[in-house]
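These are my notebook entries on one chain.

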Amino acid sequence: MPIVHITTSLTHDQISDDFIRDTAKMVAAQVGKAEWRVVVHVDAGQRLYMGGSFDPFLLFEISDIDTLEQEDDREKYTKAFFDFLSQKLPVKYDRIEVIFHRLPANEVGQKGTLRSNLVV
């Protein structure tokens, strides 16, 4: 269940429902999980200061169980995420940051129990 949290200084009007759907599809394809398992949460209109500037900025955080373990995979995902975001939104490549959060299954709750107790 990949969870994507996007924090950006772009306005709500600049983040369309299509962008959110496309993000879910792209993430699902990258990490090899079904699209229905991807959660995308967007915090638009945030006041973000980075590198001495208030220019448009985007922080892309992704959390998941099992798919973010390998550095080679994270490198591949990073490139795909940067390319996708810089093509779909008016944010320059150097104003995007990606953070990976690897989640142990015993620290995620689903369906009233820990994810580690569920058979997938």
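**Entry 1: Charge**

I counted 14 positive and 19 negative side chains in the chain, and I found the centres of the two sets 3 Å apart. For this count I took Lys and Arg as positive and Asp and Glu as negative, leaving out His and the chain ends. I placed each charge at NZ of Lys, CZ of Arg, CG of Asp or CD of Glu.

**Entry 2: Basis**

I note that the model is predicted: local features need pLDDT of at least 70, side-chain atom pairs count only at pLDDT 80 or more, and totals for chains, interfaces and linings use all residues. Residues are numbered from 1 along each chain as its sequence is written, and side-chain values use heavy atoms, without hydrogens and water.

**Entry 3: Fold**

I looked up the secondary structure and found two helices and six strands. Read from the N terminus, their order is β-α-β-β-α-β-β-β. I used DSSP runs, numbered from the N terminus, with helices as H or I of at least four residues and strands as E of at least two.

**Entry 4: Dimensions and packing**

Along the principal axes, the C-alpha atoms fill a box of roughly 45 × 30 × 25 Å.

I then looked at burial: 41% of the 120 residues are buried. Buried means under 20% relative accessible area, exposed over 50%, and partly exposed in between (1.4 Å probe, protein chains only). Of the contacts (heavy atoms within 4.5 Å) between residues at least 6 apart in sequence, 74% join residues at least 24 apart.

**Entry 5: Single residues**

I located Arg21 in helix H1 (residues 17-31). Arg21 counts as partly exposed because its relative accessibility is 44%. Between the C-alpha atoms of Arg21 and Val40, 19 residues apart along the chain, I noted a separation of 8.2 Å.

Which loop holds Asp66? I found Asp66 between strand S3 (58-64) and helix H2 (71-88). Its phi is near 80°, a positive value in a residue other than glycine. Asp66 is at 63% relative accessibility and therefore exposed.

Lys111 sits in the loop between strand S5 (109-110) and strand S6 (113-114). I recorded a positive phi of about 50° for Lys111, which is not a glycine. At 80% relative accessibility, Lys111 counts as exposed.
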